[in-house]
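Reader: I am new to this structure and would like a close look at a single part of it. Please take your time over the answer.

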Amino acid sequence: MKFLIILIYIFYSFKLISAEFTYEAMGKEQRSDIIKSPNGETIYMLYTNTAVYTSNTKHFGPGICSGIQKVENGLLNADILCENKSGKYLWYPVFNVKNLDPTDTASVINFDIKHGTGPFTELIGVKCKAAYVPIQDNHFLYKAKCNVPDAGFERMLNFKDN
């Protein structure tokens, strides 16, 4: 019983020492170079999108994503890298999506932030979760939450150009 109480305390203390970086994006996506297997069970395609994002910090700007998507046995897998800008600084979320139903009208996606410059160095290695909603004519809405250590989030908020 003591172990369970200690485990619960540790779990909740981790939640208390992390801040939440949130951002929302909207944009337009495109799938091209679509190749289907002869039996039609596997489809490969190139995926790109352009978007703009806002965040719960002073940072906002344009973003682009590029990668490959594969639908096999009715499930979507994707490997996509995005580049988001805010002024001269960049940050790079990486999406390795596994076994999603491509017919869902909304999806929850886990991803990591692999690279960043300037204030976004505080996001490197952070794990995030996003809700993705496709809209008509290849447009989308997207909202993400990332748990960042409090100290890192404070440095991000108070970042000054040298």
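Which strands do the buried residues of H2 pack against?

Author: This is a predicted model, in which local features need pLDDT of at least 70 and side-chain atom pairs count only at pLDDT 80 or more, while totals for chains, interfaces and linings use all residues. Residues are numbered from 1 along each chain as its sequence is written, and side-chain values use heavy atoms, with hydrogens and water left out.

Helix H2 covers residues 150-157, and its buried residues are Gly152, Phe153 and Met156; buried here means under 20% relative accessible area, with a 1.4 Å probe and protein chains only. Helices (H or I, at least four residues) and strands (E, at least two) are DSSP runs, numbered from the N terminus. Seen down the axis of H2, the buried residues fall within an arc of 100°, so they line one face of the helix; the arc is that of the directions from the helix axis to the C-beta atoms. To answer your question, these buried residues of H2 pack against strand E1 (18-36) and strand E8 (139-149), where contact means heavy atoms within 4.5 Å.

Not counting residues up to four places away in sequence, Trp91 touches residues including Phe21, Tyr23, Phe120 and Leu123.

Note on methods:
Buried means under 20% relative accessible area, exposed over 50%, partly exposed in between (1.4 Å probe, protein chains only).
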